[in-house]
Amino acid sequence: MHPRTGLPHAALAELYGTARSTISRAIGEAEGIRLRIDGAETQVRRPKAGQPGRRAFVSGKRKQNTIKTTTVSDGQGRLLWSGANRPGRMHDQTAARTEGIAEQFRLHPVVKAEVDEGYRGLANAFPGQVSAPPKKPKDDAPPGEHYAWQEMRRRQSSARICVEHTNAELRQWRPLQRYTTRREDYAETHRAIASLAADRSAHRPTRRKLSTALVLVRRDAF
């Protein structure tokens, strides 16, 4: 509501029936989020033989007919956005660019994110904003370099494991485990499930601090 309308904090406090300080704290937390971005695949029905674009759904990683999506979470595993549906053969990096995700980093230079190897190009384009796993040293590199690489990779994986947990939460819904109906309807189904999952995660207290949901979490705290 704040970025869409630009309403003052006091006006938002009246709208949500809470204190102005609560609004200011919630907005401050949202502005300080370091995003986690990851791709996920759902198996779908194989297109009919002879149909144009049939091979586009064959995933090179899973060797199945899939549809890929992109998921964005915060550091506590709360789902912020999930979409960018595309055939399984398309690379994660390509999807990020065609969907306009890369452009958002250019427009918002303070935004930072943790990604995996599939978004290496995004990290190269925005080195100060996007962090990807370090490149593996050559086989003849000193043992110390290999040890440092393993340690940096472990830390980076630990920083972005929360988005994998978010994808796992989406996979608890059976249609996103294996989608057996028309592929043309997948995007709408995924969007509906992602909305329900995001609403549930927004009202869920975390181990480190409470959610930024304004009303329900305050009741839970009391």
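Which residue in β3 is the bridge partner of Ser-73? Select Ser-73 and look across to β3: the partner is Leu-79. Keep in mind throughout that this is a predicted model.

**Stop 1: the strands**

Stay with β2 and β3. They pair in the antiparallel sense, over 6 bridges. Together they form a hairpin, with 5 residues between the two strands. Select Gly-77 in that turn; its phi is positive, at about 80°.

Now bring in β1. It runs antiparallel to β2, and 8 bridges join the two. For one of these pairings, select Thr-42: its bridge partner in β2 is Ile-67.

Colour β2 by burial. Of its 8 residues, 8 are buried. Both faces are covered. On one side sit Thr-66, Lys-68, Thr-70 and Val-72.

**Stop 2**

Select Ala-84, in strand β3. Its phi is positive, near 55°, though Ala-84 is a residue other than glycine. Ala-84 is buried, with a relative accessible area of 6%.

Next, select Lys-63, in the loop between β1 and β2. Lys-63 is not a glycine either, and it has a positive phi of about 60°. Is Lys-63 buried or exposed? Its relative accessibility is 66%, so Lys-63 counts as exposed.

**Stop 3: helix α8**

Select residues 186–202, which make up helix α8. At 1.5 Å a residue, these 17 residues should span 24 Å. The C-alpha atoms at the ends are 24 Å apart, which agrees.

Which residues of α8 are buried? Select Tyr-186, His-190, Ile-193, Ala-194, Ala-197, Ala-198 and Ser-201. They cover an arc of only 140° around the axis, so they lie on the same side of α8. An α-helix has 3.6 residues a turn, so residues three or four places apart point the same way.

Now show what covers these buried residues. The cover includes the strands β1 (35–43), β2 (66–73) and β3 (79–87). It also includes α7 (143–170).

**Stop 4: the nonpolar cores**

The largest nonpolar core has 15 residues. Select the members that touch the most other members: Ile-37, Phe-105, Val-115, Tyr-119, Leu-122, Phe-126 and Val-130. The elements that give two or more residues to this core are β1, α5 (101–107) and α6. The largest share, 3 residues, comes from α5.

Go back to Tyr-119 and show its contacts. Leaving aside neighbours within four places in sequence, Tyr-119 is in contact with Ile-37, Asp-38, Gly-39, Thr-70, Asp-92, Gln-93 and Ala-96.

**Stop 5: Arg-120**

Finish at Arg-120, in helix α6 (residues 120–125). Arg-120 is buried, with a relative accessible area of 18%. The cut-off for buried is under 20%, so Arg-120 falls within it.

What does the side chain of Arg-120 make a polar contact with? Select Glu-117: the two side chains are in polar contact at 3.1 Å. Then show what Arg-120 touches, not counting residues up to four places away in sequence. Those residues are Gln-93, Ala-132, Pro-133, Pro-134 and Lys-135.

How values were computed
Residues numbered from 1 in each chain as written. Predicted model: local features only at pLDDT ≥ 70, side-chain atom pairs only at ≥ 80, totals over all residues. Heavy atoms only, no water. Helix = DSSP H or I, 4+ residues; strand = E, 2+ residues; numbered from the N terminus. Expected span 1.5 Å × (residues − 1). Buried < 20%, exposed > 50% of the residue type's maximum accessible area, 1.4 Å probe, protein only. Arc of directions from axis to C-beta. Contact = heavy atoms within 4.5 Å. Polar contact = N/O pair within 3.5 Å; in protein donor to acceptor, adjacent residues only side chain to side chain. Core = buried A, V, L, I, M, F, W, Y, C linked by side-chain atoms within 4.5 Å. Pairing = 2+ DSSP bridges.
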